[in-house]
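Hi,

Here is the structure I promised to send over. Have a look at it first, and my notes on the helices follow below.

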Amino acid sequence: MSTMGNDPRLVSEQSGNLLQRWWQRARPADLGSLPIVVGLLVIWLVFQRADNMFLSPLNLTNLMAQISALGTIAVGAVLVLLLGEVDLSAGAVSGLCAAIMAVLNVEHGVPGPIAVLAGLLAGLAVGLFQGFWVTRFKIPSFIVTLAGQIAWVGALLAVLGETGTVNLRDNFIIGLAGTFLKRDVHNGELYSWIVGILFIAIFAASFIWERQRRRSAGLQFASVGGLIIQIAVVAVLVIGMLLITNADRGLPSAMVFFIVVLVLFDFITKRTIFGRHIYAVGGNAEAARRASINVTFVRILVFGLASTLAAFGGILAASRLLAVNQGAGASDLLLDVIASAVIGGTSLFGGRGTVWSALLGALVIGSISNGMDLLALPSPIKFMITGGVLLAAVTIEAISRQRRETAGR
């Protein structure tokens, strides 16, 4: 046996098998978010080389504030894409609901919190209506939400009236995205570190709970060392973010709201029966129906949640800009929302992806936009580069899907 173990041919064959198994695991279909993270780092290095202000605390804090509204809307887009559907009305809905909030508060004297709630409820109503139309009449969501995009832009213009612009002055509304949490010990403002510690604790508890659940179910689970590494990576990223923002004005409150949305919907999609139903419907609607899942209810509710998140994103954007105008939710917002969801790793074909795709995708899109603005490049260049990145992301997803199908996964 010792002779066989030292046989060069046997050693070579075993090494070849190990390399083959490693390559099978390392194919693009299994790399997860790694290509997006690497791409994001490349984008940052390119823009930093072009302008050394890009990675400064001032600009990175601005970047976090800028992507919060986009990312919040993109979370809703991820939910819809998980069903294998698409929502083209997200941008228009965000502008309409922000306008409803602004007009109620400024022109009708409705208190800020109630005006915000009214805007969110308007978004929910729009989403439920569109979801009902898609499921009741079996019309493709592409058509229904495209019609919605046109109609809700008209509604936005009607709500704003002849003035076309409503300036926000309510402290509650402005504070949604205009507050910065800092670590100024003398003023007792330790809120940013409290938020960071809570975030790390929630993630650690989530990792540990998932490991215990998989272990109890007899499934493969992470080792203690792997668990510690995962928690350590999250902790380092959070602490790094806080150090950067605290070197400037502090952690943007809009980013805090965005992270809360991510954590909440990550819990919903991964830890609840409703979340598992979303993936089931997106993977195979007919199989889900035969498994006694109420496919119609799932679809309607997902469209409702997506439009509510669009409304919240629009409100955050209005809070940051201190106004709502006729261009709210227009321009390239819809492109950026869908691009963020897809670039982050959510499948266009349904059933694959996580809400954290919205964070990665928003960082990519936001970084490109922010870097282009720093370099004062014209909008056509920005559109072309964003379109190219989106095409590349969709191509990678299509190739990965083909490989999964070939491998029977």
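Helix H14 (residues 295-321) has 27 residues, and at 1.5 Å a residue these should span 39 Å; the C-alpha atoms at its ends lie 39 Å apart, so expectation and model agree. Please keep in mind that this is a predicted model.

In one of them, helix H3 (residues 34-50) packs on helix H16 (residues 356-374) with 10 Å between the axes and an angle of about 15°. Because angles under 35 degrees count as roughly parallel, H3 is roughly parallel to H16. The crossing of H3 past H16 is left-handed. On the H3 side the contact is made by Ile36, Val37, Leu40, Ile43, Trp44 and Phe47, and on the H16 side by Leu360, Leu363, Val364, Ser367, Ile368, Gly371 and Met372. Sorted by class, this contact of H3 with H16 has eleven nonpolar and two polar residues, with no charged ones.

The other pair is helix H4 (residues 57-82) with helix H15 (residues 333-343), whose axes cross at roughly 60° and come within 8 Å. That angle makes H4 oblique to H15, and H4 passes H15 in a right-handed crossing. Here Leu70, Ile73, Ala74, Ala77, Val78 and Leu81 of H4 meet Leu333, Asp336, Val337, Ser340, Ala341 and Val342 of H15. The contact of H4 with H15 divides into ten nonpolar residues, one polar and one charged.

Best wishes

Notes. Residues numbered from 1 in each chain as written. Predicted model: local features only at pLDDT ≥ 70, side-chain atom pairs only at ≥ 80, totals over all residues. Heavy atoms only, no water. Axes fitted to C-alpha atoms, helices over the stretch in contact; angles between N-to-C directions. Helix = DSSP H or I, 4+ residues; strand = E, 2+ residues; numbered from the N terminus. Parallel < 35°, antiparallel > 145°, perpendicular 65-115°, else oblique. Left-handed = near helix turned anticlockwise from the far one by under 90°. Contact = heavy atoms within 4.5 Å. Nonpolar A, V, L, I, M, F, W, Y, C, P; charged D, E, K, R; others polar. Expected span 1.5 Å × (residues − 1).
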